[in-house]
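Please look over the sequence and the model shown here, and then follow the explanation from the whole chain down to single side chains.

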Amino acid sequence: MELDRETAERLEARAKARGVSVARLLAEFAQDERSGSEAGLAPPLKVVRG
């Protein structure tokens, strides 16, 4: 996965604030998407379905 610097920094900050790794945070996002929930995603992080 390639991310721009701003997105990477936001993910790192969010993961740190939750006390988890970025990998764990992304896994949680994936789980939320599978369950149909986007509650854990805040702008500008959102699921884009294509």
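How many helices and how many strands make up the secondary structure of the protein? There are two helices and zero strands, where helices (H or I, at least four residues) and strands (E, at least two) are DSSP runs numbered from the N terminus. This is a predicted model, in which local features need pLDDT of at least 70 and side-chain atom pairs count only at pLDDT 80 or more, while totals for chains, interfaces and linings use all residues. Residues are numbered from 1 along each chain as its sequence is written, and side-chain values use heavy atoms, with hydrogens and water left out.

Of the 50 residues of the protein, 18% count as buried (under 20% relative accessible area, with exposed over 50% and partly exposed in between; 1.4 Å probe, protein chains only). The protein exposes about 3900 Å², of which carbon and sulfur atoms supply 50%. Among contacts (heavy atoms within 4.5 Å) between residues at least 6 apart in sequence, 28% join residues at least 24 apart.

Glu28 belongs to helix α2, which spans residues 22-34, and Glu28 counts as buried because its relative accessible area is 17%. Leaving aside residues up to four places away in sequence, Glu28 touches Arg18 and Val20. The side chains of Glu28 and Arg18 are also joined by a polar contact of 2.5 Å (a pair of N or O atoms within 3.5 Å; within protein, one must be able to donate a hydrogen and the other to accept it, and residues adjacent in sequence count only if both atoms are side-chain atoms).

Asp4 lies in the segment before α1 (5-18) and, at 46% relative accessibility, counts as partly exposed. A polar atom of the Asp4 side chain lies 3.1 Å from the backbone nitrogen of Glu6, and the side chain of Asp4 reaches the backbone nitrogen of Thr7 at 2.8 Å.

Technical notes. Accessible areas come from the Shrake-Rupley method with a 1.4 Å probe; for residues, only the protein chains shown count as cover.
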